[in-house]
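Have a look at the sequence and the model first, then read on.

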Amino acid sequence: MTKAFTFKVLATDGKARRGSVTMPRGEIRTPAFMPVGTGGTVKTMYMDQVRGVGSDIILGNTYHLMLRPGAERVARLGGLHEFARWPHPILTDSGGFQVMSLSKLRKLTEKGITFRSHIDGTAYEMSPERSIEIQGLLGADIQMQLDECTALPAVEKEIERAMELSLRWAERCRTAFGDQQGKAMFGIVQGGDIPALRLRSAQALKAMDLKGYAIGGLAVGEPQAVMLEMLDITCPELPADRPRYLMGVGTPGDILKSVARGIDMFDCVMPTRAGRHGLAYTRRGKVNLRNARHADDPRPLDEESDCPAARDYSRAYLHHLVRSQEALGAMLLTWNNLSYYQKLMQDVRAAIEAGIFEARAAEISEGWARGDIPAM
């Protein structure tokens, strides 16, 4: 495997791209979905299961890991790859979003963010330089700039202020990151739902010549149509030879529509969180295993699935586990959901290579619209 961080577009179909990110720890086949491993674990999953369903990369969270067990401790123990027994690529977010959303006591200045832990109230400072330092201690292969993510809706003046601050922080993060062989720092396009601000942000980050670009501040309360409009505006402004990462997205439907606009990488807690709450993603759409209709149903979730959780266990058993709040229920449904998401990405990559992405996306969407099999 290469010692450098590289990205190649291998095929296109319309604006959809089939690509490959390569780095010392392995290849990321794109479009890619990254399971969220917030605190050094993809909840309810063994790492070999995460790899087994087809994941090339996972996401770790700077904010949570700096609070517990601490970045310096993780570094002493060999870095996050060794600590979590995941030898493949890891992307870490900057921690900024969690500071804004979880910390009740926080203050934002040009220097950075001061905040108190949501766990025990301990005071911390997070500057762009400290965020990159923490991500380096964790050993992340792809590191994200510190930014300020503004929840929508918001007034234009506030969105512009946060976007400009994020650009200045991006410059500082780039300097702090330096030239780390085989690793990358991604900038984050901000600008809320204001087209002109999105363009300014994308153009300024493009001028920094970064190894990859993320689009942030979407899927934070705005309608899907607004998110897609911002992608239509932003993607053409980003370099065609760099990976594009849509942060925090999303549903299978969001993913198909975003791939069609040129997005290469995704992450979202949705498949793991849904699994812990009794909801399964399938080729027939979402299935709520809490519903009484499944109580006497001996059929599996999906008899055609390659995932044992979907193929080998009855709906009646899954229903029982969920209603009884048995840990195995969350484990099996999360396994199913991550397997489904990765199968979807595999399907998308193959369709782009074959030049049939639009038709295949329509076929997948029609399967969701038809819905689940009839109740017994």
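Predicted model: local features only at pLDDT ≥ 70, side-chain atom pairs only at ≥ 80, totals over all residues.

1. The largest pocket has a volume of about 890 Å³. It is lined by 38 residues, and F97, Q98, G248, D267 and V269 are the closest to its centre. Helix α5 gives the most to this lining, with 5 residues. By class, the lining has 16 nonpolar, 15 polar and 7 charged residues.

2. The second largest pocket holds about 740 Å³ of space. Of its 31 lining residues, R283, D302, S305, Y340 and K343 sit closest to the centre. Here α14 gives the most, with 10 residues, and the lining divides into 9 nonpolar, 10 polar and 12 charged residues.

3. How do α14 and α15 sit relative to each other? Their axes come within 8 Å and cross at roughly 150°, so α14 is roughly antiparallel to α15. On the α14 side the contact uses Y340, L344, D347, V348, A351 and I352, and on the α15 side F357, R360, I364 and W368. That contact has 8 nonpolar, no polar and 2 charged residues. Both helices also supply at least two residues each to the lining of the second largest pocket.

4. Is Q143 buried or exposed? Q143 is buried, with a relative accessible area of 0%.

5. Helix α10 (residues 252–259) is mostly covered, with 7 of its 8 residues buried. Among them are P252, D254 and L256.

Key
Residues numbered from 1 in each chain as written. Heavy atoms only, no water. Axes fitted to C-alpha atoms, helices over the stretch in contact; angles between N-to-C directions. Helix = DSSP H or I, 4+ residues; strand = E, 2+ residues; numbered from the N terminus. Parallel < 35°, antiparallel > 145°, perpendicular 65-115°, else oblique. Contact = heavy atoms within 4.5 Å. Nonpolar A, V, L, I, M, F, W, Y, C, P; charged D, E, K, R; others polar. Buried < 20%, exposed > 50% of the residue type's maximum accessible area, 1.4 Å probe, protein only. 1 Å grid on protein atoms, 1.4 Å probe; cavity = no way out; pocket = protein on both sides within 12 Å on 5 of 7 lines; lining within 4 Å. Points joined across faces, edges and corners; volume = space filled by probe spheres on them.
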